Amino acid sequence: MEKVVAETAELPKTIVRRVVKDKLSQCSKADADLNVHKEALTAFSESARIFIHYLSATANDICRGSKRQTINADDVFKALEDIEFPEFVGPLKASLEELREKNAGKKAGTSKAKEAKTKEAKTKEAKKKKRKLEEPPPKQEEENQDEDGSDGTSESSSKE
């Protein structure tokens, strides 16, 4: 009989440490650098992982109840209310809106840069075509020769 070991995804410890320290520094009145014991970080990390699993399972139930397969932000908001964390909904909505505006600005900047590059490329292409039209076609040798068979250049030093 094989033993199946379920691997649980851990949250990155550096991110957990940063979030905890940032929040503690906001709550602390002293400007002292706060230290968090390794076991405490593990407890924070595991608590956050369990909360995420619980929240995602609840949001998934809401999504399936609506006969959809993709969880959206509204499902998460409703799940927060269902698991009795309604105080998180307002700040989360504000944070999500801020992120959307930030990403919209980046997309607009990216699309403007793409438009500028496209416009520049079209301008260069138009200039190339214009130059080709303005340049006289290359002369063939037959066209360069005069009726008498000379090449059309006069040599003042040549004797006839």
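I take buried as under 20% relative accessible area, exposed as over 50% and partly exposed as in between, with a 1.4 Å probe and protein chains only.

**Ground rules.** I am reading a predicted model, where local features need pLDDT of at least 70, side-chain atom pairs count only at pLDDT 80 or more, and totals for chains, interfaces and linings use all residues. My numbering runs from 1 along each chain as its sequence is written, and side-chain values use heavy atoms, leaving out hydrogens and water.

**Aromatic rings.** I paired rings of Phe, Tyr and Trp (its six-membered ring) with centres within 6.5 Å, calling planes under 30 degrees apart stacked, over 60 edge-to-face and the rest tilted. I got 3 aromatic pairs. Phe 51 and Phe 88 are edge-to-face, because their ring centres are 6.3 Å apart and their planes stand at 70°. I found Phe 51 partly exposed at 26%, and Phe 88 partly exposed too, at 37%. Ring pairs join Phe 51, Phe 85 and Phe 88 into a cluster.

**Helix packing.** My helices are DSSP runs (H or I, at least four residues), numbered from the N terminus. I fitted axes to C-alpha atoms over the stretch in contact, with angles from 0 to 180 degrees between N-to-C directions. α2 and α3 pack at about 115°, with axes 8 Å apart. That makes α2 roughly perpendicular to α3, a class that covers 65 to 115 degrees.

**Contacts.** I counted heavy atoms within 4.5 Å as contact. Leaving out residues up to four places away in sequence, Ile 83 touches Phe 51, Tyr 54, Leu 55 and Thr 58.

Definitions and conventions
Helices (H or I, at least four residues) and strands (E, at least two) are DSSP runs, numbered from the N terminus. Angles under 35 degrees count as roughly parallel, over 145 as roughly antiparallel, 65 to 115 as roughly perpendicular and the rest as oblique.
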